[in-house]
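This report describes a ligand site and the sheets of the protein shown below.

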Amino acid sequence: MTQLLKTQIGNLQLRTCLYNASGPKCTSSEELLELENSKSSCILSKSSTLEYRQGNPEPRYWDHEFGSINSMGLPNKGYQYYLQFAEGKDLEKPYFISVNGLTLADTLKIVVEVCQSEKVQGMEINLSCPNIIGKGQLAYDLDEMDKYLEAVFDILEKQKNRNLSQIIGVKLPPYFDLHWYPQVTEVLKKYPIQFITCVNSVGNGLLVDLESQTTRIRPKDGMGGIGGKYIKPIGLSNVRNFYLEFQKQNLKIDVIGCGGVTNGLDALEYILCGASAVQIGTQLYQEGSEVFERVENEMIQWLNEKGIKGIMELKGKLKTI
Ligand code: RRO
């Protein structure tokens with residue numbers, strides 16, 4: 001078995017740097033089992049709320065060769081379903097639960113239970129869903145994000161039965177102006193965050209069908225989060241900027257890249273920008289879980305052709321011309 005793509009998030013070792021983004025094909029136990037049986041290096045659940053949620057009215061997802069638009073509205077089975085998925089199973093790979101309580105109180109209830117599970121190796125706290133009607137993305141309001149994280153880590157510290165080996169990180173929205181990166185970092189570094197995932201879909205875009213003169217999706221007058229090829233340059237920039245900021249401040253926070261990965265070369269670009277691991281979302285939706293094997297093989301082939309002995313040789317080494 002090749003070691004070329006081995007990586008680590010916090011202290012958690014991963015066979016490869018590739019796994020699924022929270023969103024497509026990770027809502028039901030069948031989908032999660034498919035990830036277990038694929039070459040994805042971990043399993044990450046759909047963002048979970050306190051209770052089951054139906055989500056927004058359909059059609060709420062549309063994609064084509066350049067990417068996707070979605071306004072799913074957080075359809076999920078409720079966090080207990082995601083906890084129970086792992087109970088009584090010996091999963092072969094790390095299992096992460098994505099958490100997105102619609103209120104701080106709900107998030108606190110969820111994290112208090114998830115943090116006790118020996119079957120869950122990590123939590124990705126979603127601070128960036130663009131599709132909750134009437135609500136902005138939390139991570140664009142740094143004071144609110146700070147209060148939220150303070151409450152989350154406060155309550156976690158008080159838990160006596162906590163699984164301390166769990167790693168905890170946050171999923172961030174894309175930032176566009178460069179002044180954001182040091183400001184967001186000032187908030188993140190106050191807490192024991194081990195990773196950030198950059199980026200969530202770009203909210204809110206609009207895809208139009210000229211033929212029928214309609215929007216592609218129904219909720220919110222057709223607006224939704226844009227993913228796929230459209231957003232790779234934005235994902236790369238966010239990974240690069242946070243990676244450089246963390247290096248400058250000597251912060252040990254891993255950056256997970258997400259956005260527009262369709263092949264091995266895309267994933268390697270993220271590694272070059274500083275990503276410790278890379279998630280696949282829209283392409284997983286389009287291609288199914290075989291995507292992980294294909295992308296893995298493409299990465300290995302390129303590394304072998306260049307004589308590079310592992311992605312750690314490449315990580316963060318992007319040069320400015
Ligand atoms: O379910 C969604 O509408 C959704 C979520 Br929670 C998210 O974080 N990002 C996204 O594009 N869609």
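## Ligand site and sheets

The residues of the shell around the ligand divide into five nonpolar, six polar and one charged; Ala, Val, Leu, Ile, Met, Phe, Trp, Tyr, Cys and Pro count as nonpolar, Asp, Glu, Lys and Arg as charged, and the others, Gly among them, as polar. The model is predicted: local features need pLDDT of at least 70 and side-chain atom pairs count only at pLDDT 80 or more, while totals for chains, interfaces and linings use all residues. Residues are numbered from 1 along each chain as its sequence is written, and side-chain values use heavy atoms, with hydrogens and water left out.

The ligand is surrounded by residues that include Lys46, Asn126, Cys129, Asn131 and Ser201, a residue being near if one of its heavy atoms lies within 4 Å.

| Residue | Polar atom | Distance to a ligand oxygen |
|---|---|---|
| Asn70 | side chain | 2.8 Å |
| Met72 | backbone | 3.2 Å |
| Gly73 | backbone | 2.8 Å |

Taken alone, the ligand exposes 310 Å², and the protein buries 93% of that area (Shrake-Rupley method, 1.4 Å probe).

Asn70 also belongs to strand E6 (residues 67-70), which pairs with E5 in the antiparallel sense over four bridges. Strands here are DSSP runs of E with at least two residues, and helices are runs of H or I with at least four, numbered from the N terminus; two strands pair if DSSP finds at least two bridges between them. Within this pair, His64 stands opposite Gly67 of E6. Both strands belong to an open antiparallel sheet of four strands, ordered E5-E6-E14-E11. From one strand to the next the twist averages 35°, with axes fitted to C-alpha atoms (for helices over the stretch in contact) and angles running from 0 to 180 degrees between N-to-C directions.

A further open sheet has eight strands with parallel pairing, in the order E3-E16-E15-E10-E9-E8-E7-E4. Its edges are E3 (18-20) and E4 (43-44). Strand E8 (residues 122-126) pairs with E9 (residues 167-172) in the parallel sense over five bridges, and Ile125 stands opposite Val170 in E9. Helix H4 (residues 142-157) packs on this sheet, touching E8 and E9, and its direction makes about 165° with that of E9; contact means heavy atoms within 4.5 Å. Helix H7 (residues 264-273) lies across E3, E15 (254-258) and E16 (277-280), running at about 140° to E16.

Terms used
Polar contact = N/O pair within 3.5 Å; in protein donor to acceptor, adjacent residues only side chain to side chain.
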